[in-house]
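Here are a few friendly notes to read alongside the model. Please keep the 3D view open as you go.

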Amino acid sequence: MPAAGPVDLALAAQSAIGRLAPDGPPVRLRVPTVSCAVWAAPAELDLVLDNLLRNAVRYARALVTVFVLPTPGGGARLLVDDDGHGVPEAHRARVFDRFYRVHDDRGRATGGFGLGLALVAEVVRRRGGAVSVTESPDGGARFDVRWPGHSIGEGRLRAGFVG
């Protein structure tokens with residue numbers, strides 16, 4: 001596991017949005033006025049953001065919205081919403097399994113091989129966080145990542161859990 005440290009989730013999300021292809025639907029970023037540092041290696045955060053954003057853009061009809069929210073005790077919550085067809089409830093528990101796909105066709109042109117969300121879940125869980133999928137208020141999918149943060153106490157940095 002790469003060495004972790006505090007990484008600003010809002011800045012990382014902004015960078016990830018900048019890496020998206022310009023021909024997709026617009027991506028709105030909603031961030032707080034306070035810093036939302038999470039405990040991770042920058043490459044881990046990039047992997048999580050890139051996978052979630054690419055999926056959201058692939059399945060959105062017209063819009064993707066990304067929220068970065070501070071959580072009590074440090075850390076942050078990342079929400080990635082799209083207005084596409086969503087993930088049917090019967091598949092939500094398994095979409096983070098390796099090689100699992102909601103649709104049977106497995107190919108790059110139709111969305112990949114079912115590894116992206118498994119990698120997201122593994123990275124987040126290794127850092128003590130959690131990831132889930134529900135329905136977005138926009139009607140599509142909402143991916144919810146609760147990422148551990150850090151707090152500064154008595155001059156030293158220590159890991160904390162996102163509530």
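In which sense do strand S4 and strand S5 pair, and over how many bridges?

1. Strand S4 (residues 64-70) and strand S5 (residues 76-82) pair in the antiparallel sense, over seven bridges. Pairing here requires that DSSP finds at least two bridges between two strands, and strands are DSSP runs (E, at least two residues) numbered from the N terminus, while helices are runs of H or I with at least four. Across this pair, Phe67 stands opposite Leu79 in S5.

2. A word on the source: this is a predicted model, where local features need pLDDT of at least 70 and side-chain atom pairs count only at pLDDT 80 or more, while totals for chains, interfaces and linings use all residues. Residues are numbered from 1 along each chain as its sequence is written, and side-chain values use heavy atoms, with hydrogens and water left out.

3. Now follow the open sheet: its five strands run in the order S2-S4-S5-S7-S6, with mixed pairing. Strand S2 (27-30) and strand S6 (130-135) are at the edges with a single partner strand each, so one side of each has no neighbour in the sheet.

4. Next, zoom in on Thr65, which lies in strand S4. Thr65 is buried, at a relative accessible area of 1% (buried means under 20%, exposed over 50%, partly exposed in between, with a 1.4 Å probe and protein chains only). Residues that Thr65 touches include Arg30, Val80 and Asp138, leaving aside those up to four places away in sequence; contact means heavy atoms within 4.5 Å.
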